[in-house]
Amino acid sequence: MVILKTARELKAMRNAGIISSRALREAGKAVEPGVSTLEIDTIVRNYIEKQGATPSFLGYGGFPASACISVNNVVIHGIPSKKTILKRGDIVSIDVGAYFEGYHGDNAWTFACGEVSEEAQALMNATRESLFEGIRQAKPGARTGDIGSAVQGYVEARSYSVVRDFVGHGVGAKLHEDPSVPNYGTQGHGVRLLPGMVIAIEPMVNQGSAKVRVLDDGWTTVTADGKLSAHFEHTVAITPDGPVIMTLPD
Ligand code: MG
């Protein structure tokens, strides 16, 4: 069931979104060669808790950390570890959510660790742009398929592939609400978007095939072919004036 938010709720969600985005920005600043993903996770957790909020992911379904940190061929749900030390040239996807005064914010960004290859930079750019292509479709009367089609079209035109095993979602008092927001689809199909809906749009884009697999830890999701993957996400409110990104820092 899709839960529509009132103006008051949207205001509260914006506050959760601001904390989420600032935590993500702090995490991004820490991406440097020699830093472990556990150190970045600690920065995220400390930042969120200092704001009087809680990390949305900590303990969610048993997830053991505050951020998902996914390096290179890891698509999503990478578990922060002191053994995972970032190297120059890595691409580092960080997914962060904060729960504040009853609502969640959810956002992700792929950061370059030092200078990265042209191929890696191009994948990151295309994934980021595909997110904004999707966001542009997020207006009343459109459908989730319009978002998915815009993302998929942008990505596939550049010969990358869109992950299908994981999708975007509604956000609110729960981290994952209806509807599902796939990063693929057909214009005019899917759930109709209404004012007051809040959704996370989150393209996961692979350099090679769309196929992914989950490692034995039950979380870490990697590309089946070992090639790179990038992930960008914003929480977006559907309003009569069009899409409003809830996870911008100011
Ligand atoms: Mg999400």
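**View 1. An open sheet of five strands with antiparallel pairing, in the order S8-S7-S9-S14-S15.** The model is predicted; local features require pLDDT of at least 70 and side-chain atom pairs pLDDT 80 or more, whereas totals for chains, interfaces and linings use all residues. Residues are numbered from 1 along each chain as its sequence is written, and side-chain values use heavy atoms, without hydrogens and water. Strands (E, at least two residues) and helices (H or I, at least four) are DSSP runs numbered from the N terminus; two strands pair if DSSP finds at least two bridges between them. Strands S8 (177-181) and S15 (242-245) each have a single partner strand, so one side of each lacks a neighbour in the sheet. On average, neighbouring strands are turned by 30 degrees against each other, direction ignored.

**View 2. Pairing of S7 with S9, and helix H4 on the sheet.** Strands S7 (residues 168-170) and S9 (residues 198-201) run antiparallel and are joined by two bridges. Gly 170 lies opposite Ile 199 of S9. Helix H4 (residues 144-156) packs on the sheet and touches S8 and S9, contact meaning heavy atoms within 4.5 Å. The direction of H4 makes about 40 degrees with that of S8; axes are lines fitted to C-alpha atoms, for helices over the stretch in contact, and angles run from 0 to 180 degrees between N-to-C directions.

**View 3. Crossing of helices H1 and H2.** The axes of H1 (residues 7-29) and H2 (residues 37-50) come within 9 Å and cross at roughly 150 degrees. H1 is therefore roughly antiparallel to H2 (angles over 145 degrees; under 35 is roughly parallel, 65 to 115 roughly perpendicular, the rest oblique). The contact involves Ile 19, Arg 22, Ala 23, Glu 26 and Ala 27 of H1 and Ile 40, Ile 43, Val 44, Tyr 47 and Ile 48 of H2.
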